[in-house]
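Biologist: Could you walk me through this one slowly? I am new to reading structures.

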Amino acid sequence: MCQSAVVVNCRDAGILRGLEGEAARTYYGVFDKLILEGKEDFKFHGRSRRPPLDPTNALLSFLYTLLSHDCTSALETVGLDPQVGFLHKERPGRPSLALDLMEELRPYLVDRLALSLINNRQVDIKGFITKESGGVIMTDELRKTVITSWQKRKQEEIIHPFLGEKIPIGLIPYAQAMLLARHLRGDLDAYPPFLMK
């Protein structure tokens, strides 16, 4: 057993998943307050996927898919199997380790970009289509706009908080995968998660 105040020492994956679920509900419970423009069009009532049920969730899901591919590639590049995760349960075809790696990267890489696109009015409600099933998808034109913004964001540079080196944002998944591989191979005492202010 582990207490929520001592998550760092938790050895029970089920309890840790429960705590992560609670944290996600709290996080997404206030996400709507970060939408400052187009409040009516981009109203967010919580996370929905498969299918996303509103434009904000459709945008997030699309960007999370792009990040998932980047994390999968990064893990493969450093010799780690993206299918074998720690927190996400293993299922055939599911990149569980890539999903684990995404958890720490989503707020900085995806959520900030999604909010910027909405708040700077770079995405328009006309770019979203509601299907008969209630699911919301993006038009091809909007997907191109989002991919272009994603690629531009990945070219911006930051000082990596652990490495202390300037790197393009697009290399953050690779840097974290490399650090994870070094920890698993015994070169680092602990895995340094990506924490950016």
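**A walk through the core and a helix**

Modeller: Let us start with Leu59, which touches Ala114, Leu117, Ile118, Phe128, Met138 and Val146, leaving aside residues up to four places away in sequence; contact here means heavy atoms within 4.5 Å. This is a predicted model, where local features need pLDDT of at least 70 and side-chain atom pairs count only at pLDDT 80 or more, while totals for chains, interfaces and linings use all residues. Residues are numbered from 1 along each chain as its sequence is written, and side-chain values use heavy atoms, with hydrogens and water left out.

Biologist: Which residues have the most contacts inside the largest nonpolar core?

Modeller: They are Leu59, Leu63, Val146 and Ile172, in a core of 48 residues. A nonpolar core is a set of buried Ala, Val, Leu, Ile, Met, Phe, Trp, Tyr and Cys residues joined through side-chain atoms within 4.5 Å, and buried means under 20% relative accessible area, exposed over 50%, and partly exposed in between, with a 1.4 Å probe and protein chains only.

Biologist: Which element gives the most to this core?

Modeller: That is α3, with 14 residues; helices (H or I, at least four residues) and strands (E, at least two) are DSSP runs, numbered from the N terminus.

Biologist: Switching to α4, which of its residues are buried?

Modeller: The buried ones in α4 are Leu142, Val146, Ser149, Trp150, Arg153 and Lys154. Seen down the helix axis, these buried residues of α4 fall within an arc of 135°, so they line one face; the arc is that of the directions from the axis to the C-beta atoms.

Biologist: And what sits on the face of α4 turned away from its buried side?

Modeller: That face carries the exposed residues Asp140, Glu141, Lys144, Lys152 and Gln155.

Biologist: What do the buried residues of α4 pack against?

Modeller: They pack against α2 (55-77), α3 (96-119), β1 (128-130), β2 (136-138) and β4 (166-168).

Biologist: Back in α2, is Ser68 buried or exposed?

Modeller: Ser68, found in helix α2, is buried, with a relative accessible area of 13%. Leaving out residues up to four places away in sequence, Ser68 touches Pro95, Ala98, Leu99 and Met102.
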